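Here's a quick briefing on a protein model, written for someone who likes to know the cut-offs behind the words. Have a look at the fold first, then work through the notes.

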Amino acid sequence: MPNYTQNYNLVKPQKSENYDIDKVTNQNMDIIDVALNGKVSKVNGKDLSTNDFTNGYKKKIDRMVEGSRGFSAYEIAVLNGFTGTAEEWLASLKGDKGDTGGVNSINGQQGDLLLEELLPKEQTYTEIITEEKEIITLPFWYKVGADMLRVRYTGQLLTKASSFAGEDGYYLEITEKDTIGEEGSWSNKIQSSAKWTWLKDAICFVEGKGVLENEPSAE
C-alpha cells in the first residue's frame, strides 16, 4: 500500500511496490494544480497580511491622503467626542471671568465681550457619516451658485462639480436628488458626484457664509 503526504494527500508509492507511474503522477499533479490555484502569489517587496484590506478601506484612506489641509481644531474636538457646533465649541473655550485688574479692551470694550464679537457669524455643520450616502441635508439654506459653501471631507477642502459626472469636482449644489439647483435658487442639500459617495465613518464639515436658518419665502 502506498503512503500519502500529510497536507495534500499526494500518493507516495513504496520502493517495493509496483504502481502505474502515469496514473500516480497525473493524480498528484491534479491535486497540486487545485491547491496552487487557491494560493496568493508572493510579490517581491510586499508582505501578506492576515487582515482583509477591502476596496472600501482603500477609498477611505485615499480620501484622507488627498487632504492637504488637515483637521481643524474643531474637527479634532469632534473626533474626540464633542457634539456641538463650531460656535458652541469656541464658547466652551472661555473660562470663568477672573479679576481683570483693569480693562482688557479694543476701543474700550471688555475682553469677554470682545470674544463674543469674534465668534464667527456664518453657520457650520458637521456630520459623522453613519452609512454610505449620496445626499447630505444641511440645517441651513444657501443660495445656489453664490459661493456660500465650503465643504471639507476627511480634512480635504472639496471642489464643487459642474456636472454629476464629477470630472471637475466632488459635490453638487442641488434642489432635489439628481437635480442641480438653478443659480440663485435656495437649497439645503448637497449631493456627491457620480464617481464616489460620502463614505461611512468619515466626517463632512460644511461652512456656510451668508446662509439662512429657515427656508426663504418665495418672492
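Strands here are DSSP E runs of at least two residues, helices are H or I runs of at least four, and both are numbered from the N terminus. What you're looking at is a predicted model, where local features need pLDDT of at least 70 and side-chain atom pairs count only at pLDDT 80 or more, while totals for chains, interfaces and linings use all residues. Residues are numbered from 1 along each chain as its sequence is written, and side-chain values use heavy atoms, leaving out hydrogens and water.

**Overall picture**

- The protein chain has 5 helices and 10 strands.
- It runs to 219 residues, and 28% of them count as buried (buried is under 20% relative accessible area, exposed is over 50%, partly exposed is in between, with a 1.4 Å probe and protein chains only).
- Take the contacts (heavy atoms within 4.5 Å) between residues at least 6 apart in sequence: 59% of them join residues at least 24 apart.
- The chain exposes about 15,200 Å², with carbon and sulfur atoms supplying 49% of that; the areas come from the Shrake-Rupley method with a 1.4 Å probe, and for residues only the protein chains shown count as cover.

**Nonpolar cores**

- A nonpolar core is a set of buried Ala, Val, Leu, Ile, Met, Phe, Trp, Tyr and Cys residues joined through side-chain atoms within 4.5 Å.
- The largest one holds 21 residues, and L149, V151, I190 and W198 touch the most other members.
- Elements giving two or more residues to this core are β4, β5 and β10, with β4 making the largest contribution at 4 residues.
- There's also a second, separate core of 7 residues, with Y74, A77, A86 and F205 among them.

**Helix α1**

- Helix α1 covers residues 21–37, so its 17 residues should span 24 Å at 1.5 Å a residue, and the end C-alpha atoms agree, being 24 Å apart (the expected span is 1.5 Å times one less than the number of residues).
- Which residues of α1 are buried? They are V24, N28 and A35.
- Those three sit on the same side of α1, because they cover an arc of only 25° around the axis (the arc is that of the directions from the helix axis to the C-beta atoms).
- β2 (11–12) is part of what covers the buried residues of α1.

**N188 in β9**

- N188 lies in strand β9 and counts as buried, at 12% relative accessibility.
- Its side chain makes a polar contact of 3.3 Å with that of K189 (a pair of N or O atoms within 3.5 Å; within protein, one must be able to donate a hydrogen and the other to accept it, and residues adjacent in sequence count only if both atoms are side-chain atoms).
- Leaving aside neighbours within four places in sequence, N188 is in contact with I136, T137, L138, F140, W141 and Y142.

**Loops worth a look**

- Most residues other than glycine have a negative phi.
- D147, in the loop between β4 (135–143) and β5 (149–153), has a positive phi near 55°.
- D201, in the loop between β9 (186–192) and β10 (203–208), has a positive phi near 75° and is exposed, with a relative accessible area of 53%.
- T83 is in the loop between α3 (73–79) and α4 (86–92), and is exposed at 77% relative accessible area.
- T83 and E127 are 44 residues apart in sequence, with their C-alpha atoms 9.7 Å apart in space.
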